[in-house]
Amino acid sequence: MRRSIVAGNWKMNGNLEVNAELIAGILKEKSSAQGIEVLVCPPAIYVAQVSGLLEGSDIGVGAQNASAFESGAFTGEVSLPMLADFAVRYVIVGHSERRALFAESDGQVAEKARAVLLAGMTPIVCVGETLEEREAGGTLEVVSRQLRAVCDGLDADQLAGMVVAYEPVWAIGTGRTATPEQAQEVHAALRALIAEADGKAGLEVRILYGGSVNAENAAQLFDKPDIDGGLVGGASLKAKDFIAICSAAAGAKVTG
Ligand code: 13P
């Protein structure tokens, strides 16, 4: 059985005081969400702080981005070994904001995902279509292209070990969530694509949904057979909402 994951992507939000309050709130409420993997992804500058605050807990720390290079003349970049120094075990790669605002290509996303796996960490590989692409009927073609670029050249263990996040661009930060049926259709297609390369990896790989997940809609989304949790933006900045989403994933796991 696949273990559900709920990951909070804080994006470029927070400060020392706000982060400490948020983590304290999450640790206080966390007992209602047992049996799933929970992680938070703060901005790189706060990874050390958040790692320290979470020491000894079972909540993981992820990065929102990382360089594919190990060290050298890459001004402004943060490497995987640097993140590993602060107990980071997950790295989001290819978030649509990085693709759209920082021109990350499918090829660069694939390089980063590979580097994360080689560093012994877990990439959370984001794919998703724009509204224009959906309305033109291109959803499955776009997400398949994005995922295929990453999967090419990975072995079965690497395919099974990565995490995929389906985040339709039109649902991110808009309050407009994909319906559970729309999300399930894409998740099933992504799983089938991985299963084509390796049947067992297709069964094992975890695929998260992201895009306006909140405490109200989480349970219905996580109830779908191919949705293994969520990548949560705005709602991960409030401890109560974040834990309610984690609890929904824990409940879906028990009953699903
Ligand atoms: P929202 O939950 O704010 O829509 O953001 C989703 C997201 O981009 C998570 O990576």
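User: Hi! Before we start, what counts as a polar contact here?
Analyst: A polar contact is a pair of N or O atoms within 3.5 Å; within protein, one must be able to donate a hydrogen and the other to accept it, and residues adjacent in sequence count only if both atoms are side-chain atoms. This is a predicted model, where local features need pLDDT of at least 70, side-chain atom pairs count only at pLDDT 80 or more, and totals for chains, interfaces and linings use all residues. Residues are numbered from 1 along each chain as its sequence is written, and side-chain values use heavy atoms, with hydrogens and water left out.

User: Great. What does the side chain of Ser236 reach?
Analyst: The backbone oxygen of Gly233, at 2.7 Å.

User: And is Ser236 buried or exposed?
Analyst: Ser236 is buried, at 1% relative accessible area (buried means under 20%, exposed over 50%, partly exposed in between, with a 1.4 Å probe and protein chains only).

User: Which residues does Ser236 touch?
Analyst: Leaving out residues up to four places away in sequence, Ser236 touches Gly8, Asn9, Trp10, Leu22 and Phe242; contact means heavy atoms within 4.5 Å.

User: Switching to the ligand: which residues surround it?
Analyst: Among them are Asn9, Lys11, His95, Glu167, Gly233 and Gly234, where near means one heavy atom within 4 Å.

User: How far is Glu167 from an oxygen atom of the ligand?
Analyst: A polar side-chain atom of Glu167 lies 2.9 Å from a ligand oxygen. With Ser212, a polar backbone atom is 2.8 Å from an oxygen atom of the ligand.
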